[in-house]
Amino acid sequence: MLSKAIAEALNKQVQMEAESSQAYLAMASWADIQPGLDGVAGFFFQQADEERMHMLKLMKFINERGGFAVVPALEQPILTYQSLIRVFQEFLKHEVAVSESINELVHLSLAEKDYATHNFLQWYVTEQMEEENTARILNDKLELIGEDKSGLYLFDRDILAYRGKK
Ligand code: OFO
């Protein structure tokens with residue numbers, strides 16, 4: 001049975017995953033209407049689906065453990081970007097914030113001696129390490145490319161390979 005504090009904290013994480021999904025869906029839609037960024041659009045459409053899966057996994061766990069998973073209200077995410085690098089900077093910033101939130105949850109689960117939740121959260125710890133790493137690599141590549149059009153062409157062409165690494 002989840003304590004009130006853990007149930008609340010897990011529900012906050014449900015909200016964060018839902019917000020991530022919305023934010024990445026907006027990035028996907030923005031990329032989708034830019035010329036030549038269909039690879040980036042595909043990457044963020046998939047990332048949005050993945051975040052929704054993270055949310056659902058949390059919701060199932062909360063309900064299975066005697067809590068009540070609350071479907072959160074969501075604010076509209078950032079809809080437009082000035083450049084591709086801005087999108088990826090925001091992606092990294094977002095993933096770092098999610099990792100911090102997962103760390104807090106792990107800390108709370110130990111403080112509350114909730115080892116079932118602690119065990120459940122390990123999947124998220126690993127997932128966040130991978131996602132942060134992917135976001136860093138993609139930011140580094142864009143820094144390197146700068147305004148080089150052929151570099152951007154290759155970046156867009158190859159980006160979906162980073163989905164396969166997960
Ligand atoms: Fe939910 O995995 Fe990143 O944010």
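Author: Phe 88 is buried, with a relative accessible area of 0%; buried means under 20% relative accessible area, exposed over 50%, and partly exposed in between, with a 1.4 Å probe and protein chains only. This is a predicted model, in which local features need pLDDT of at least 70 and side-chain atom pairs count only at pLDDT 80 or more, while totals for chains, interfaces and linings use all residues. Residues are numbered from 1 along each chain as its sequence is written, and side-chain values use heavy atoms, with hydrogens and water left out.

A pair of aromatic rings is described by the distance of the centres and the angle of the planes. Rings of Phe, Tyr and Trp (its six-membered ring) pair if their centres lie within 6.5 Å; planes under 30 degrees apart count as stacked, over 60 as edge-to-face and the rest as tilted. By this rule there are 13 aromatic pairs. In one of them, the ring centres of Phe 44 and Phe 88 are 5.3 Å apart with the planes at 50°, so the pair is tilted. Phe 44 belongs to helix 2 and Phe 88 to helix 3, so this pair ties together parts that are 44 residues apart in sequence. Helices here are DSSP runs (H or I, at least four residues), numbered from the N terminus. Phe 44 is also buried, at a relative accessible area of 0%.

Another pair is formed by Phe 61 and Phe 120: their ring centres lie 3.9 Å apart and their planes are at 5°, so the pair is stacked. Phe 61 sits in helix 2 and Phe 120 in helix 4 (residues 115-145), so parts 59 residues apart in sequence are tied together. Phe 61 has 9% relative accessibility and counts as buried; Phe 120, at 15%, counts as buried as well.

Ring pairs also build a cluster, which links Tyr 24, Phe 43, Phe 44, Phe 88, Phe 91 and Phe 155.

As for the setting, the chain holds six helices and zero strands. Its radius of gyration is 17 Å, close to the 15 Å that the globule rule gives for 166 residues, so the chain is as compact as a globular protein of that length. That radius is taken over C-alpha atoms, and the rule is 2.2 Å times the number of residues to the power 0.38. Of the 166 residues, 44% are buried.

Terms used:
Helices (H or I, at least four residues) and strands (E, at least two) are DSSP runs, numbered from the N terminus.
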